[in-house]
Every structure is written in C-alpha cells, then in structure tokens.
Amino acid sequence: MSLLRSTSLVSRFSGKFPLTSARCTFSATGMETSAGADTDPTNNKSIAAEDVIPLSDGTIKEGKATILKETSKHVFYNPVQEFNRDLSILVLSVHAEDHFKQKQDKKLKEKKRNSASKENNESEATAEPIPDLEPGKSYEDGMIILEALAATGLRSIRYAKEVPGIKQIVANDLSPSAVESLKANIAYNKVEHLVSASHNDASMVMYLNRPPAPRFDVVDLDPYGCPSHFLDGAVQSVASGGLLMVTCTDMAVLAGNSPETCYSKYGAISLRNRCCYEMALRIALQCIESHANRYGRYITPLLSVSADFYIRTFVRIDSSPSVCKRSINKLSLVYQCVGCETLTLQPMGEFKSISEKNPNQMKTLLPHVPSVSETCPHCDMRYHLGGPIWNAPIHDKSFVSRLLDVVTAEDAAEKFGTCKRIEGMLSVVEEELEDIPLYYKLDRLSSLMGISTMPVLTFSSAILNAGYRLSQSHCKPSSFKTDAPQKFVWDVLRAWEKENPASEKRLKEGTVSAKLLSKAITHTVDFKMHPEANPDSRQRGKCRYQINPLKFWGPGIRSIANLQDGSIQEKQRRNQGKNAMKRKRTHTTGDAEDESKKLEESNV
C-alpha cells in the first residue's frame, strides 16, 4: 500500500509540505531515509517543527518526548507501558558504556596488530579514552538502534532524547498511518538528526541487515502478542555483543491456558501453575536461544522481568559455534505433580570434562530419565510434563547492580516517571537466587495442605535455620525460591499444622490435603526468627510489587490508541462481567420455564 494514498499529515497541518514515502537504503553507516523525505520539494529546506502542528492542538508527553495526539489517534499507544519504556531506556543507557568499551577494545587490538607488523615501531599502542556520552548527540561509534514496530515513534523519540551514545535510530512500521504519525512526531521533537522513519515489513528490515550488510547494535521488538515470527531475523541482524530486547504480551498462551498453542509458537509446552510468570520468561528465553543457535549464535540474559500483563527480556547476542553446543545443558523439561504441584526439572543434557590438562575440553552426556518415579512421593499423584525451559540464570547480577546505581542517583526521579517501581523491582531481582529456576507460592502450598497461611518471615526463618538458602521472586508477592528439598518444605508446613490444626472438612480421605498430612515429619523445624529472614528491599520499604496502574488496564486494543480519553474506558466498563451476565440471564430463563411448567401441571 502506498504511503501517498491518503492526504499527508504534514500537508494537512502546514498546508504546503507534502509527506513523501520513506524508502530505506542500507550503507556502511546503517539504514538511512532517502533524500527528499520531510523536505520542501521546491527549495529543499527542512520542515520546521512549528509548521507541523501547534501545541494547542493536543499532545501526549512522556519523559522528554511529546507525541501529537491528533496524528496518533489511529495508531497503537498504551500509557501503561511507560514502565516498559523507562526500563528500556535505563538498560540502553548502561549498555551504551559496554558498547563504547567494546569499540575501543576492538580499535586497540587493530592498533597492536598494525604496530606489530611494523619493524621499527617503538611506541606502544594505547586505547583512546571513552568520550563523555550525552543524550541527543550523534556519535560516530555510537549505537545503531532498530525499533522494528514503532507505531507512534514514542519509544524511538525517547531513546533519541534520553539515551546517550547513539549514532542512529531506525523507527520502522508497516502501517502507512503509523509512518505518517512517525514522521510528524519526529519533526515535532526535532530529532531528525538521530531518528529516521522506515515504511517496511519488520522482518524484511532485519533480514536486509544480515551479513555482509552491517548489523544493528540494538534491536527492540515490542509486538502486539507473540514475537516468535520476528525472532529469526532479529537474532541474525544484531551485531556480536549487541542487545536484543523482546516483549511478549500473549501471557494466556505462555501461562498454560493453551499449551498446544504455546508449543506451536514457542516450541515449548506451558503448564498451569503459580510460577507461570517465571516459566513464561524461561520459555521465551529458550525460544530466542533456539533461533540463535541455528546461526552459530547464543544469548546471555542481562535482565528478564515479568510486569503487568507482559514479560520483557534483555539479552546479549554473541557468536560462537562451540558455545552453542552447550545450549543443551541450559534447557530442562519440567515434571509437575497434578496433586501437590511439586516441580522437578530434568536437564536435557550434561557436560563433563574429559581432560585434566585441558578443562575446556568437554564431552556431552545424555541424561538418564526419568528423574521422577511414576507417582509423586508426597501425594501419590501422577505428573504433567512441560517444557523445555531455560534453566540457566535469567539475570546478570553485575549488570543489575549497575542499573541500580543509575536508578538510585539523585536525578533519577527526573529521568524516569516510574523510578520508584524500577528501583523496587530491581532490588528484588538482585536478591533472587539465580541458580534456582521457578518458584512456589506460600499461600498456594498452604491451601493444598488445607492449613492457614503462616507469616512469610516465619516460613523464611524455618528454611534459613535449617541451613538452606531462600529468596523471593520479583514476579509475585509471597513467592519463594529455595534450594531446600521439597520434602523439607512440606515438613515445615506440617510442623505449622501441629500448632494450627487444619479443618476437618479438608481432611477427607483421598484428598491431597489428607495425603500430605498423613506423612510423618522427618526433619527438625525451627521457627525462631532468623536475622536474614527479612530481605533488605522489604526492610527499606521499596515499591517491590506494583498495584494496577489504571482502571481497565491491560494490553490495549490492537492498532488503536489507548489514550484514556473516556471512549475506550466506557466500552471496557460496559464489557466488565459480560459473560457472567449472559450466564445469569440463561439460568433465570431456565428457572422461569421450570416454574411455568410446574404451574401448568398443577392447573391440570
């Protein structure tokens, strides 16, 4: 569809400048918008921001960016995603330092190689200092960023104004109306020197930037729903050491409601359980790793979070066929008991060193399966099988610490509108046990055993007093990760039941509660308060778990701006409980028919 089918927004508001179609060219400097876009065809002068639309016509502000409300009303925009955008800006700002360090190291190696080739060279090659990076400036060695699904361009404009160390940003979208909105918003924010609009298929843009063409340093994928059909192009178009940022909003699929759909989209079977949010993260990571391995590449997760109605992963992409062979060791199948919901992980491969002289010489070993018996030892029920999932760490703790240093700075509140929430979530992430995949919820385990839920600090103390490790998960409150065997966890709950007896109604023969409580306690349980039971993030009162940010909040409506102007909220309000009302009307009609039949029979 040609971009010239409809009247351009620029000509609509300025009355004299037509908006030409954005065609993309690929060169050694990355993808650029061809000459003529957003310029006056008569005198070749750039369009002034004031000629596009005045402030009085309505704008939406977020961070340092401003988008035009009139141009964006038919383009997807969700204000609830501000946390997502703030977090992405924070990650990019820290990654920019790594990007420039990588560039400097590469230049230093080239200098040393060149100096070694010269016979009479007495001077030793030294690295150039990394320049002071500022937002809004273009750097020759800066990052080339692709926002593959840009919509209004708000994210790209915020990157241009708030992230230091950028060379160029390509804001791409397939929708003609989105590209019109992009161009108008770019001109209005005066970031034409950094951001260029692209009207193309997202996968095609990424495929055109595979070697031998120059790759992007950062690719940002934030689609409506599942991103899997973009991943093949994404893992090929990111430079080695570059950053891939992926959002998944199809949480119903990832959380176990449709395991067959999850397998077709992500190559893994999801399970319905209380740790479904972290399992969704690990399914997404194994999917990205699977796509990368096909091209001799692998991922290193820097940060993976579950927030609101979506998950967001930040992974570094590197190339090494030898490391790809070890990916089998990072994947596990998951056995879940259908009764007590105990989880058991089965690694899909193992590596063993075969040479003492060369520890890096490894041999692949296939695991002995199954790692569980036919029935669960705790409740005598059978298992469901899910996965494979990513079983390696989902965060880089050193990277998270650097993020916290930035977000706790004095000027952080001015940079990020969701600063307190980011600080709270990252604090919990930093405390998480990185070598323990998945988590349990204390209230759910208590419910399965039919007892009242004990205080979180009491439970934590019992685990820590036994010498095991424990942490919470950023995904949900009252969640816990521990290296304690599940048998000991059940013994802690049984010891609590001795002091707080379960209801007799929950102890009917054959129920899960009765089976769990029928087992004898085999461990010594100490409920004395442990000094490390209360984590630091909780003691300091951090905003660790966010409440609902808006009324009727959620992923929004596809391709329609969620501007919270009342019209969409009204529709969402009318739809609240719609299915329940239908069922109620059906039952009422059925009851009325039964009453009429009884009345007719009595009259006869």
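Predicted model: local features only at pLDDT ≥ 70, side-chain atom pairs only at ≥ 80, totals over all residues.
User: In which loop is Ala 151 found?

Analyst: Ala 151 is found in the loop between β5 (138-147) and α3 (154-162). Residues are numbered from 1 along each chain as its sequence is written, and side-chain values use heavy atoms, with hydrogens and water left out.

User: Which peptide bonds are cis?

Analyst: Among them is the bond from Pro 211 to Pro 212, with omega near 10 degrees. Pro 212 belongs to the loop between α5 (202-207) and β8 (216-221). The bond from Gly 387 to Pro 388 is cis as well, with omega near 5 degrees. Pro 388, however, lies in a strand, β16 (residues 383-390).

User: How many helices and strands does the protein have?

Analyst: The protein has 20 helices and 19 strands. Of its 604 residues, 50% count as buried. Contact means heavy atoms within 4.5 Å. Among the contacts with a separation of 6 or more, 71% join residues 24 or more positions apart.

User: Which residues does Thr 66 contact, leaving aside its neighbours within four places in sequence?

Analyst: Thr 66 is in contact with Thr 59, Ile 60, Lys 61, Tyr 188 and Asn 189. Thr 66 itself sits in strand β4 (residues 65-68) and is buried, with a relative accessible area of 11%. Thr 66 and Asn 185 are 119 residues apart in sequence, yet their C-alpha atoms are 7.5 Å apart in space.

User: At what angle do α6 and α9 pack?

Analyst: Two packed helices are described by the angle between their axes and the distance between the axes. Axes are lines fitted to C-alpha atoms, over the stretch in contact for helices, and angles between N-to-C directions run from 0 to 180 degrees. Helix α6 (residues 228-237) and helix α9 (residues 276-293) pack at about 45 degrees, with their axes 9 Å apart. The two helices are therefore oblique to each other. By convention, under 35 degrees is roughly parallel, over 145 roughly antiparallel, 65 to 115 roughly perpendicular and the rest oblique.

User: Which residues of α6 and α9 meet?

Analyst: From α6, Ser 228, Leu 231, Asp 232 and Val 235 meet Cys 287, Ile 288, His 291 and Ala 292 of α9. An α-helix has 3.6 residues a turn, so residues three or four places apart point the same way. Helix α9 is mostly covered, with 15 of its 18 residues buried.

User: What covers the buried residues of α15?

Analyst: The cover includes α14 (442-449), β18 (470-471), β19 (479-482) and α16 (486-499). In helix α15 (residues 456-465), seven of the ten residues are buried, including Phe 459, Ile 463 and Leu 464. Just after α15, Gly 467 takes a positive phi of about 95 degrees.

User: How far apart are the axes of α14 and α16?

Analyst: Their axes are 11 Å apart, and the helices pack at an angle of about 70 degrees. That makes α14 roughly perpendicular to α16. This crossing is right-handed. In the contact, Leu 442, Leu 445, Ser 446 and Met 449 of α14 meet Gln 486, Val 489, Trp 490, Leu 493 and Arg 494 of α16.

Terms used: Helix = DSSP H or I, 4+ residues; strand = E, 2+ residues; numbered from the N terminus. Buried < 20%, exposed > 50% of the residue type's maximum accessible area, 1.4 Å probe, protein only. Left-handed = near helix turned anticlockwise from the far one by under 90°.
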